[in-house]
Amino acid sequence: MKRRKIWMVVLLLAAAVLLLLFFMPRENVPAPESRVILEHSFRTYIAPSCFEEADATNFLEESTLAEAQELEYPPHSSCTEEAFEGNRDSGFIRLMKELGIMEKESKDW
């Protein structure tokens, strides 16, 4: 009987720790696989949601954020910079955004 109580306490503590981790905010950054448009004429990258207002040339290539950073291309505009800004959300908030219950700040990642 005493052994059963110990296991129950251990399980409750483990559940409490997991629950705490699920609701604790942490730094989130865009994935390296996030889609971007490389603007080779200006040597910058553009977020897809900012493309219409970017006034881009014809020397474009679809790529990833990792490749843009590897080429050391800066963001094309403040719109692109804001689109790929990190945030501090908990696992619960991220799940709500992925399920569409809450609105995402950025459509690009």
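Threonine 44 counts as buried, at 8% relative accessibility. This residue sits in strand 3 of a model that is predicted. Leaving aside residues up to four places away in sequence, threonine 44 touches Ile37, Leu38, Glu39, Tyr73, Pro74, Pro75 and His76.

Arginine 43 is found in the loop between strand 2 (35-39) and strand 3, and its phi is positive, about 55°, although it is not a glycine. Most residues other than glycine have a negative phi. Arginine 43 counts as exposed, at 55% relative accessibility.

Glutamate 72 also has a positive phi, near 60°, and is a residue other than glycine. The place of glutamate 72 is in the loop between helix 2 (65-70) and helix 3. With a relative accessibility of 69%, glutamate 72 counts as exposed.

## Overall form of the chain

The chain has four helices and five strands. Read from the N terminus on, the elements follow the order α-β-β-β-β-α-α-β-α.

The radius of gyration of the chain is 21 Å, whereas a compact globule of 109 residues would have one near 13 Å. Along the principal axes, the C-alpha atoms fill a box of roughly 75 × 30 × 20 Å. Of the 109 residues, 27% are buried. The chain exposes about 8200 Å², and carbon and sulfur atoms supply 59% of that area. Among contacts with a separation of 6 or more, 65% are between residues 24 or more positions apart.

## The disulfide

The structure holds one disulfide, which joins cysteine 50 to cysteine 79 with an S to S distance of 2.0 Å. The pair links distant parts of the chain, 29 residues apart: cysteine 50 is in the loop between strand 3 (44-46) and strand 4 (60-64), and cysteine 79 is in helix 3 (residues 78-83). The torsion about the S-S bond is about -80°, so the disulfide is left-handed.

The two cysteines fall into separate accessibility classes. Cysteine 50 counts as buried because its relative accessibility is 1%, under the 20% limit. Cysteine 79 has a relative accessible area of 22% and is partly exposed.

## Helix 4 and its packing

Helix 4 covers residues 91-98, and its buried residues are Gly91, Met96 and Lys97. These buried residues pack against helix 1 (2-23) and strand 5 (87-89). Just after helix 4, glycine 100 takes a positive phi of about 85°.

## Salt bridges

Side chains of opposite charge can pair when their charged atoms come close. The structure holds five salt bridges, and three of them are described here: Asp89 with Lys97, Glu105 with Lys97, and Glu98 with Lys104. In the first, the side chains of aspartate 89 and lysine 97 meet at 2.6 Å, N to O. Both aspartate 89 and lysine 97 are buried, and the relative accessible area of lysine 97 is 9%. Lysine 97 also forms a salt bridge with glutamate 105, where the closest N and O atoms are 2.7 Å apart.

The side chains of glutamate 98 and lysine 104 meet in a salt bridge at 3.2 Å, N to O. Glutamate 98 is exposed, with a relative accessible area of 58%, and lysine 104 counts as partly exposed at 34%. Through shared partners, salt bridges join Asp89, Lys97 and Glu105 into one network.

## A nonpolar surface patch

Leu19, Phe22, Phe23, Leu95, Leu99, Ile101 and Met102 make a nonpolar surface patch of about 660 Å². Helix 1 gives the most to this patch, with three residues. One of the patch residues, phenylalanine 23, lies in helix 1. Phenylalanine 23 is partly exposed because its relative accessible area is 43%, which lies between the 20% and 50% limits.

Technical notes
Residues are numbered from 1 along each chain as its sequence is written. This is a predicted model: local features need pLDDT of at least 70, side-chain atom pairs count only at pLDDT 80 or more; totals for chains, interfaces and linings use all residues. Side-chain values use heavy atoms; hydrogens and water are left out. Buried means under 20% relative accessible area, exposed over 50%, partly exposed in between (1.4 Å probe, protein chains only). Helices (H or I, at least four residues) and strands (E, at least two) are DSSP runs, numbered from the N terminus. Contact means heavy atoms within 4.5 Å. Patches are made of residues with over 30% relative accessible area and no salt bridge: like charges are joined within 9 Å, nonpolar side chains (Val, Leu, Ile, Met, Phe, Trp, Tyr) within 5 Å. Accessible areas come from the Shrake-Rupley method with a 1.4 Å probe; for residues, only the protein chains shown count as cover. A salt bridge is a side-chain nitrogen of Lys or Arg within 4 Å of a carboxyl oxygen of Asp or Glu. The radius of gyration is taken over C-alpha atoms; the globule rule is 2.2 Å times the number of residues to the power 0.38. A disulfide is a pair of cysteine sulfur atoms within 2.5 Å.
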